[in-house]
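The sequence and structure are shown first.

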Amino acid sequence: MLDSFKVNREKIAQEIIDGEVIIVNLDQGYYYSLLGIGTEIWQNIEQGLSVNQIIEDIWQHYEGDKE
């Protein structure tokens, strides 16, 4: 399992507008849209949090089993 993720800022453009993350892969032209928890996870990745830190953060804000 990866310990963390890193956004390749040379190949990825992103913007958060009204709680929605718009992500564009500049090399491939792929377009992604994230809402809700996806936005939170993306922001955590941008902050450089480890996978375990992201899981802890999400677990603290939402109900459910950590697994």
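This is a predicted model: local features need pLDDT of at least 70, side-chain atom pairs count only at pLDDT 80 or more; totals for chains, interfaces and linings use all residues.

Y62 sits in the segment after α2 (51-61).

## Nonpolar core

The largest nonpolar core has eight residues: V7, V21, I23, W42, I45, L49, I54 and I58. At least two residues of this core come from each of β2 (20-25), α1 (37-46) and α2.

Apart from neighbours within four places in sequence, the core residue I23 contacts I12, A13, Q14, Y30, Y31, Y32, L34 and W42. W42 is itself a member of the core.

## Salt bridges

The count of salt bridges is two. One joins the side chains of R9 and E46, with an N to O distance of 3.5 Å. This pair links distant parts of the chain, as R9 is in the segment before β1 (12-17) and E46 is in helix α1, 37 residues apart. R9 is exposed, at 52% relative accessible area, whereas E46 is partly exposed, at 25%.

D27 and K11 also form a salt bridge, and their closest N and O atoms are 3.4 Å apart. D27 belongs to the loop between β2 and β3 (31-34) and K11 to the segment before β1, so the pair ties together parts 16 residues apart in sequence. K11 has 39% relative accessibility and counts as partly exposed.

Technical notes
Residues are numbered from 1 along each chain as its sequence is written. Side-chain values use heavy atoms; hydrogens and water are left out. Helices (H or I, at least four residues) and strands (E, at least two) are DSSP runs, numbered from the N terminus. A nonpolar core is a set of buried Ala, Val, Leu, Ile, Met, Phe, Trp, Tyr and Cys residues joined through side-chain atoms within 4.5 Å. Buried means under 20% relative accessible area, exposed over 50%, partly exposed in between (1.4 Å probe, protein chains only). Contact means heavy atoms within 4.5 Å. A salt bridge is a side-chain nitrogen of Lys or Arg within 4 Å of a carboxyl oxygen of Asp or Glu.
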